[in-house]
Each structure stands twice: as C-alpha cells, then as structure tokens.
Amino acid sequence: MNPQPEPPAPAAGEGEELPAVAPQLRALRRRSGLTLEAAAARAGLSPAHLSRLETGRRTPSLPMLLALARTYGTTVSDLLGEVPEERDPIVRADRMEAQQSGGWTYWRAGGSGRAMQALRLHVPQGRGSQEELVRVHPGEEWLYVTGGRLRLRLGDTTHLLGPGDAAHFDSLTPHRIAAASPGGVDLLFMHTLMQSGAAGLCLGDTAPDRRGMP
C-alpha cells in the first residue's frame with residue numbers, strides 16, 4: 001500500500017491542540033517494536049507525516065487517530081492519555097469530556113483497553129476532505145443515529161439514516177459517513193480494534209489518486 005500524500009500544514013492556531021498525542025504515539029510505536037517506516041506503512045501514512053505527528057508538528061484527525069489506534073492495538077482514549085487508574089465498567093456523563101479532531105467532536109463512551117471502542121460522535125455537515133474519505137480496515141463497526149440525518153455509503157450503495165436507525169457492517173466493506181442535515185448528525189459509534197498491516201487504509205473516490213487521510 002502506497003503511503004498517503006501529506007496534507008497541507010494547518011494555519012497557526014487552527015484546530016484543537018492534543019499535547020498528549022505526540023509522545024504517546026512515539027512510545028506506543030517503540031513499545032510495539034515497529035520502525036517509523038513500518039508503522040507508517042501499516043497506518044497508510046508517509047514516514048515523514050508520522051514523524052511530524054510524533055513530534056507534535058501535526059495534529060491528527062479522528063480517522064487518523066482511529067487508524068493509529070488499530071495499528072498499535074490500542075484505543076483513541078489511550079492515544080489521548082485518557083487511561084483511567086482502574087478499569088471501571090461505568091463511564092459517567094460528567095467524565096465524558098469532548099474532544100475535537102478534523103472538525104468532528106467525540107466523547108469516549110466506553111472503557112479503555114477493551115476489544116471494542118465506543119464513542120459518541122457529532123459530525124458536522126460539509127467538512128471537505130473528511131466527507132471524501134472512504135475507509136477500509138479489518139473488523140466490524142456499529143453505529144446508531146441519535147439526532148440529525150446520516151449519509152452512509154457501503155460499497156456502491158448509499159443509505160440515508162435518521163434518528164433511531166442503526167447500521168452494523170464489516171469494516172472491510174469500503175465505507176464513508178457524512179452528515180445529511182444542516183445541523184450535522186449525532187451518533188453512537190462502536191468498532192472492534194484489530195491490529196493488521198491493512199489497518200486504517202483510506203481510499204478516495206478514485207483508486208488512482210487514492211486521496212486519503214487528512
């Protein structure tokens with residue numbers, strides 16, 4: 001798999017700062033015994049881009065965090081340093097702090113270090129490259145629409161989901177999600193964490209150009 005082209009650098013002050021991510025990414029890669037080149041290939045990134053993420057010169061988007069979490073066999077919560085002292089089966093509402101990445105807002109809705117990751121997501125309408133991402137990776141995904149309308153593309157079929165609708169699918173099916181309502185869409189989202197050389201593969205609308213992660 002060819003590494004994804006590096007996106008343009010964000011403007012100064014743009015996006016949410018995630019100070020815990022850079023050192024955590026570096027530590028997880030070294031702990032997994034992967035070289036920078038090997039880890040970048042698994043996540044579908046260029047080694048230069050991954051190096052910038054590890055040194056804090058780039059802020060990863062949520063899809064990129066998901067891809068890196070799969071690459072290292074961990075969770076987005078762990079990448080962000082949100083590891084609780086004890087594995088508590090209960091996640092209280094006041095402990096679900098909002099995080100932003102790539103224009104999406106998400107809240108951890110499950111425990112760390114599990115085989116599945118549960119999130120609550122808000123996806124705004126019209127986020128450019130985020131809406132163009134087609135994702136392909138091992139595992140399964142489940143989502144449930146709690147507010148707004150969702151446009152879900154699975155393979156060659158596009159589905160429109162409203163509040164109360166759910167989808168459960170194999171993540172190796174090329175898939176893309178986007179808000180179909182002006183106020184965005186709110187989701188409950190769950191995916192399995194599987195470590196694989198194909199983890200985090202993102203394709204664009206056309207295979208030759210392989211537009212990928214922002």
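Which residues of helix H4 are buried? In this predicted model, local features are described where pLDDT is at least 70, side-chain atom pairs count only at pLDDT 80 or more, and totals for chains, interfaces and linings use all residues. Residues are numbered from 1 along each chain as its sequence is written, and side-chain values use heavy atoms, with hydrogens and water left out.

The buried residues of H4 are Leu62, Pro63, Met64, Leu65, Leu66, Ala67, Leu68, Ala69, Arg70, Thr71 and Tyr72, where buried denotes a relative accessible area under 20%, exposed one over 50%, and partly exposed the range in between, with a 1.4 Å probe and protein chains only. Because eleven of the eleven residues of this helix (residues 62–72) are buried, H4 is largely enclosed by the rest of the structure. Directly after the helix, Gly73 adopts a positive phi of about 65 degrees. Across the protein, which has 214 residues, the buried share is 44%. The secondary structure amounts to six helices and eleven strands, both taken as DSSP runs numbered from the N terminus, with helices (H or I) of at least four residues and strands (E) of at least two. Of the contacts with a separation of 6 or more, 69% are between residues 24 or more positions apart, a contact being heavy atoms within 4.5 Å.

Two helices that pack on H4 may be considered in turn. Helix H1 (residues 21–32) packs against H4 at an angle of about 25 degrees, and the two axes are 10 Å apart; axes are lines fitted to C-alpha atoms, for helices over the stretch in contact, and angles run from 0 to 180 degrees between N-to-C directions. H1 is therefore roughly parallel to H4, on a scale in which angles under 35 degrees count as roughly parallel, over 145 as roughly antiparallel, 65 to 115 as roughly perpendicular and the rest as oblique. The contact involves Val21, Leu25, Leu28, Arg29 and Ser32 of H1 together with Leu65, Leu68 and Tyr72 of H4. By class, the residues of this contact comprise six nonpolar, one polar and one charged, with Ala, Val, Leu, Ile, Met, Phe, Trp, Tyr, Cys and Pro counted as nonpolar, Asp, Glu, Lys and Arg as charged, and the others, Gly among them, as polar.

Helix H3 (residues 47–54), by contrast, meets H4 at an angle of about 95 degrees, with the axes 13 Å apart, so H3 is roughly perpendicular to H4. His49, Leu50, Leu53 and Glu54 of H3 make this contact with Met64, Leu68 and Tyr72 of H4, and the residues involved divide into five nonpolar, one polar and one charged.

An open sheet is formed by six strands in the order S1-S2-S3-S10-S5-S8, with antiparallel pairing; two strands are taken to pair if DSSP finds at least two bridges between them. Strands S1 (99–101) and S8 (166–170) stand at the edges with a single partner strand each, so one side of each is left without a neighbour in the sheet. Neighbouring strands of this sheet are turned against each other by 25 degrees on average, direction ignored. H4 packs on the sheet through S1, strand S2 (104–108), strand S3 (116–123), S5 and strand S10 (185–192), and the direction of H4 makes about 45 degrees with that of S2. Strand S5 (residues 140–147) is joined to S8 by five bridges in the antiparallel sense, and Leu143 lies opposite Ala167 in S8.

Beyond S5, Gly148 lies in the loop between S5 and S6 and, at 27% relative accessibility, counts as partly exposed. Leaving aside residues up to four places away in sequence, Gly148 touches Leu161, Gly162, Pro163, Ser181, Gly184 and Val185. The C-alpha atom of Gly148 is separated by 7.7 Å from that of Ala179, 31 residues apart along the chain.

Strand S6 (residues 150–154) runs antiparallel to strand S7 (residues 157–161) and is joined to S7 by five bridges. Arg151 has Leu160 as its bridge partner in S7, while Leu154 stands opposite Thr157. The hairpin of S6 and S7 has two residues between the strands, and in this hairpin Gly155 takes a positive phi near 65 degrees. S6 is also joined by five bridges to strand S9 (residues 175–179), again in an antiparallel arrangement, and the bridge partner of Arg153 in S9 is Arg176.
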